[in-house]
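Subject: Structure for you, with notes on the aromatic rings

Hi there,

Here is the structure I promised to pass on.

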Amino acid sequence: MTCCELDTLSRYVDGDLPPLERGRVNEHLSDCGSCRREVARLRALDDMLRAWGAHRAPLPSASEQRITDTVRRRHRSSTARKFLSASRMTPAAVGSSIAAVLVLLSVNMHAGYSSRSASEIAWASQQSSIKRQAAPLLKARRSSAIQGGQIKVGTGTLGRHSNSTVLD
Amino acid sequence: MAIALEAALVDQLRRQEEDAFTFIYERHKAQIYNYLYRLSGSRELADDLTHDTFLSAYESLPKLRPDSNIAPWLYRIASNRFRDVLRRKRVVSWMPWGDSPRNEAQLSVLGGEQSLPEQEAVQTALSHMKPDYALCLVLRLAEGFSSEETAQILGISAEAVRMRLSRARQMFKTAYAAGELGAVG
Ligand SMILES: [Zn+2]
């Protein structure tokens, strides 16, 4: 068999060849030193790029603050917009929006001492179950990108804690 | 289970729920920032682009498709923001490492491990490649995406990614070898 094309070897290294072709390449590699060396070079190149990709610096806190502030502002204005456009739609929508606000207010007043509304508590419990399920997945996936224990769900909320940086 | 989890998250994101957005921001901020830093070679630019990426992401939440995967979606936005910069030619040499006068200053803020000559050589080699090929190599190998995910991010087919990757490896090899020769000679 003649030597493999570079494209074939690249796909071989990626594990992208169909089984039959992969078998043929394996067979060729077993008695061609030149193609074996090419495969080794490709693998070394990939390893070098992977090692390069493993270096990660944290996002500077000033940038975090800027992102948090921008998103918080957008969230506030989009929430306001949604409410306004809902009230423009139908009288029924106005009615139900007002009813929802009243329900929320009464829940808030009712649970005044706990400072968290029923919907927030439901959210938090739903989110903490997501967090529990996600933890092993997140660890496995590109571990260097995720700083353990820093994922705050349900407790950290954009816009609700104006004097603390929720996202750090 | 992972798929159901992601689907539930996407559903919440589509409704622009702030806790869901906080969650994905926390999960991906370091990845996105470092990806953009790798591409631009500048902290300042990576800063701005990370900001723009998350802002664009927030604004396009209602248009997020129900079957989306979050990471490729964010990387797609980040890659597009970076390509906008290239298009506006704010970055003259797209990864301004090798010969840039700012090189020394950049290295000093990088800290010990990233100023290793090998790290520098990788960055320089990538900066001499066509951006589309370099992006493919960075996404597939440095960021660890599959060919399918890389295809989603770049808006091309998985087969096109495989073809590009093969070509990109050759380009990288040549550029890297040229850099080594330059360093020696
Ligand atoms: Zn051969």
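A quick definition to start: two rings of Phe, Tyr or Trp (its six-membered ring) count as a pair if their centres lie within 6.5 Å, and planes under 30 degrees apart make the pair stacked. Please keep in mind that this is a predicted model.

By that definition, there are 7 aromatic pairs over all chains. One of them joins Tyr33(B) and Tyr37(B): the ring centres are 6.2 Å apart and the planes meet at 15°, so this pair is stacked. Both tyrosines belong to helix α2 of chain B (residues 18-40), where 4 residues, about one turn of the helix, lie between their positions. Tyr33(B) and Tyr37(B) are both buried.

Phe172(B) and Tyr176(B) are also a stacked pair, with 5.7 Å from centre to centre and 25° between the planes. These two sit in helix α9 of chain B (residues 158-184), and because they are 4 residues apart there, about one helical turn separates them. Phe172(B) is buried, as is Tyr176(B).

Chain B also has an aromatic cluster, made up of Phe21(B), Tyr25(B), Phe54(B) and Tyr58(B).

Finally, a look at charges over rings. In chain A, Arg22(A) places its charged end over the ring of Tyr12(A), 4.4 Å from the ring centre. In chain B, the ring of Tyr133(B) has the charged end of Arg164(B) over it, at 5.9 Å from the centre.

Best wishes

Note on methods:
Residues are numbered from 1 along each chain as its sequence is written. Chains are lettered from A and ligands numbered from 1 in the order in which they are written. This is a predicted model: local features need pLDDT of at least 70, side-chain atom pairs count only at pLDDT 80 or more; totals for chains, interfaces and linings use all residues. Side-chain values use heavy atoms; hydrogens and water are left out. Rings of Phe, Tyr and Trp (its six-membered ring) pair if their centres lie within 6.5 Å; planes under 30 degrees apart count as stacked, over 60 as edge-to-face and the rest as tilted. Buried means under 20% relative accessible area, exposed over 50%, partly exposed in between (1.4 Å probe, protein chains only). A charge sits over a ring if NZ of Lys or CZ of Arg is within 6 Å of the ring centre and within 35 degrees of the ring normal.
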